[in-house]
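Here's a quick briefing to read alongside the model. Take a look at the structure first, then work through the points below.

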Amino acid sequence: MSTQPKWEELSSPIEMRGVTFKNRMMRSGMYEGMATERGEVTPELEDWIARQAAGGAACIFPGYTNVCLPRCMPYQAGSYSDSHIPGLTKLAEIIHSHGAVAGLQLAAAGRQANPNLFFSDAEAVMGPSAMGPSPLYQAACREMTEAEIWQAVEDQAAAAARAKEAGFDIVLPNAAHGYMLAQFLSPHTNMRTDAWGGTPEKRFKFFEETFRAVREAVGPEMLVWTKISVEEPWDDGINLDEAKIFIPEVAKLVDAIEISGGTIVDNVFMMTRGEIPIGTLRKGIGGSVEGISAELVDVLYGIRDSVKFEEAYWYDHALALKPLCGDTPLILTGGHKYPATMNQIIKEGTADMLSLARVLAAEPDFPNEVVAGREDPGKCSSCNKCLVEVVLGNKLQCFLPEPGYTHA
Ligand SMILES: Cc1cc2nc3c(=O)[nH]c(=O)nc-3n(C[C@H](O)[C@H](O)[C@H](O)COP(=O)(O)O)c2cc1C
Ligand code: SF4
């Protein structure tokens, strides 16, 4: 006798251009800090991804890969060289072996690059416009030349071709969290007055050129998604009104849109609401890295109340933006841990899929358990220690007393 799953809509499959997703939960990109200095996949990273994929999410995105140097964080996997293809192929195979769809995120750090990392230098920190030192890395950026902008478009396309060669089903140039695509979209970071900035249409040009080049590189069949910020931590940054202007244009260029917010170097806790482990940041975790500056500690105290955890914290943005997406599916990240609410969001059609990150670091089997009827919320406490750990250069792990997974 077959019985309907308790969370029927959340457990139901969805198809996108011939690719079937077994349920509506995907593992959102989550930087692991487990690659080599040159961005190659390691056995430890393979194990982590295998454990995530075994937990039942319909689609797995490893942490974002660098399409070029310099990078934002160390020990992050790369997609900027053909030498990365064998390792990426292994990840795609592992994900497929668990019946999940494999996606790869692509990102260029731009002004978010850390000049002190291997193979980096201060001159290489560049963005659409020159800006003063970023709060996290204290690194100023210079304005990109026209030639560098076209090279950045080409870098994304070349990395996308590598993702395809490695066997991924989806390629996702990341336009969220303050990476280069977001830097061009945002009026706060793009103050150019040439063809690449000035009006919303001109700020959109880099996104448009990039996605055209990516589509050309991967051909008509492969799924091309994006993850995009719909809120940034500045009065003159991207916000819901800005997002309403560009989302209909984004929808014409991609096969699905994942919405998020925040930036890495200015306010990463807007991306992952919850606690700000200031004490840990101040010390430097495990004594292995320098703690952050006193100025940034002050900033973090100032924003603590604005980043308190809320369930499904980008829900209102999804509600406003979903009607502007046309037929393009909308994927909602951020604070999903209550199965009843998650099912309701899919049932009412506010989002087509949900993307989960920390809850799966804490409990990789959460999707399987939800499909089996689990009612309890995910155990992740939104303490954000995992996030601080990777930002400070250490490996991803959950710090719950009894985590679902810890690496050695
Ligand atoms: C440790 C950590 C690493 C992350 N790395 C990435 C990443 O590589 N790419 C990305 O788009 N988002 C990244 N995120 C953001 C998540 O994908 C997700 O959007 C966010 O954590 C909200 O979902 P959650 O509440 O389920 O954690 C990261 C989050 C954490 C906690
Ligand atoms: S350390 Fe664990 S409990 Fe804390 S936010 Fe990360 S996943 Fe959640």
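Thr341 is found in helix H12, where helices are DSSP runs of H or I with at least four residues, strands are DSSP runs of E with at least two, and both are numbered from the N terminus. Keep in mind that this is a predicted model: local features need pLDDT of at least 70, side-chain atom pairs count only at pLDDT 80 or more, and totals for chains, interfaces and linings use all residues. Residues are numbered from 1 along each chain as its sequence is written, while chains are lettered from A and ligands numbered from 1 in the order in which they are written.

**Around Thr341**

- Thr341 counts as partly exposed because it has 16 C-beta neighbours inside 10 Å. (Buried takes 20 or more other C-beta atoms within 10 Å, exposed takes 12 or fewer, and partly exposed is in between; C-beta atoms are placed from the backbone.)
- Leaving out residues up to four places away in sequence, Thr341 touches Glu311 and Ala312; a contact here means C-beta atoms, placed from the backbone, within 7 Å.
- Gln112 is 229 residues from Thr341 in sequence, and their C-alpha atoms are 34 Å apart in space.

**Strand S13 and its partners**

- Which way do the side chains of S13 (residues 353-356) point? Met353 and Ser355 go one way, Leu354 and Leu356 go the other, and all are buried.
- S13 pairs with strand S3 (residues 25-27) in the parallel sense over three bridges; pairing needs at least two bridges found by DSSP.
- Arg27 sits opposite Leu356 in S13.
- Strand S12 (residues 330-333) also runs parallel to S13, joined to it by three bridges.
- Thr333 has Ser355 in S13 as its bridge partner.
- To get from S12 to S13, the chain goes through helix H12 (residues 339-348), making a right-handed β-α-β crossover. (With the strands pointing away from you, right-handed means the path from the first strand over the helix to the second runs clockwise.)

**The whole chain**

- You'll find 15 helices and 13 strands in the protein chain.
- Of its 408 residues, 55% count as buried.
- A compact globule with 408 residues would have a radius of gyration near 22 Å, and the protein chain agrees with that at 20 Å. (The radius is taken over C-alpha atoms, and the globule rule is 2.2 Å times the number of residues to the power 0.38.)
- The C-alpha atoms fill a box of roughly 65 × 50 × 40 Å along the principal axes.

How values were computed: Two residues are in contact if their C-beta atoms, placed from the backbone, lie within 7 Å.
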